[in-house]
Amino acid sequence: MKNNIKELRKSAKLSQEELAKLCNVTRQTINAIENDKYDPTLQLAFSIASVLITTVDELFINEWANN
């Protein structure tokens, strides 16, 4: 699933490690999500959105909307 997490994280001036700690996951988990190799749980998606002061809808790109 495509996402905007990397861009939003950088805008918030957070490293992957800092975001991971705030979300209680590993840096590798954040890296995998940012690189579309892992889809987070709904709970983790809400946690990331909360830390980045946004919504889950803003984090993820609906690829099916254009089909």
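Does Glu34 count as buried or exposed, and at what relative accessibility? In this predicted model, Glu34 has a relative accessibility of 10% and therefore counts as buried, since buried residues are those under 20% relative accessible area. Glu34 lies in helix α3. The side chain of Glu34 is joined to that of Arg9 by a polar contact of 2.5 Å. Beyond its neighbours within four places in sequence, Glu34 is in contact with Asn3, Ile5, Lys6, Arg9 and Gln16.

Gln16, Glu17, Leu19 and Ala20 in α2 meet Arg27, Ile30, Asn31 and Glu34 in α3. The axes of α2 and α3 are 8 Å apart, and the two helices pack at an angle of about 110 degrees. Angles of 65 to 115 degrees count as roughly perpendicular, and α2 and α3 are therefore roughly perpendicular to each other.

Helix α2 may now be considered by itself. Its buried residues are Gln16, Leu19, Ala20 and Cys23. Because these residues cover an arc of only 100 degrees around the axis, they are on the same side of α2. Lys21 and Leu22, on the other side of α2, are exposed. The buried residues of α2 pack against α1, α3 and α4. After α2 comes Asn24, which has a positive phi, near 60 degrees.

Helix α4, which comprises residues 42-51, can be read in the same manner. Leu44, Ala45, Ile48 and Ala49 are its buried residues. They are on the same side of α4 because the arc they cover around the axis is only 140 degrees. The exposed residues Leu42, Gln43, Phe46 and Ser50 are on the other side of α4. What do the buried residues of α4 pack against? Their partners are α1 (5-11), α2 (16-23), α3 (27-34) and α5 (56-59). Just after α4, Ile53 has a positive phi of about 50 degrees.

In soluble globular proteins, nonpolar side chains tend to be buried together. In this model, the largest nonpolar core has 15 residues, and those with the most contacts inside it are Ile5, Leu19, Ile48, Leu52, Leu59 and Phe60. Helices α2, α3, α4 and α5 are the elements that give two or more residues to this core. The largest share, four residues, comes from α4. Leu19 has already been named among the buried residues of α2, and Ile48 among those of α4.

Leaving aside its neighbours within four places in sequence, Phe60 is in contact with Met1, Lys2, Asn3, Ile5, Pro40 and Ala45.

Besides Phe60, and leaving aside neighbours within four places in sequence, Lys2 is in contact with Asp36, Ile61 and Glu63. Lys2 and Asp39 are 37 residues apart in sequence, and their C-alpha atoms are 9.2 Å apart in space.

Terms used
Residues numbered from 1 in each chain as written. Predicted model: local features only at pLDDT ≥ 70, side-chain atom pairs only at ≥ 80, totals over all residues. Heavy atoms only, no water. Buried < 20%, exposed > 50% of the residue type's maximum accessible area, 1.4 Å probe, protein only. Arc of directions from axis to C-beta. Contact = heavy atoms within 4.5 Å. Core = buried A, V, L, I, M, F, W, Y, C linked by side-chain atoms within 4.5 Å. Polar contact = N/O pair within 3.5 Å; in protein donor to acceptor, adjacent residues only side chain to side chain. Axes fitted to C-alpha atoms, helices over the stretch in contact; angles between N-to-C directions. Parallel < 35°, antiparallel > 145°, perpendicular 65-115°, else oblique.
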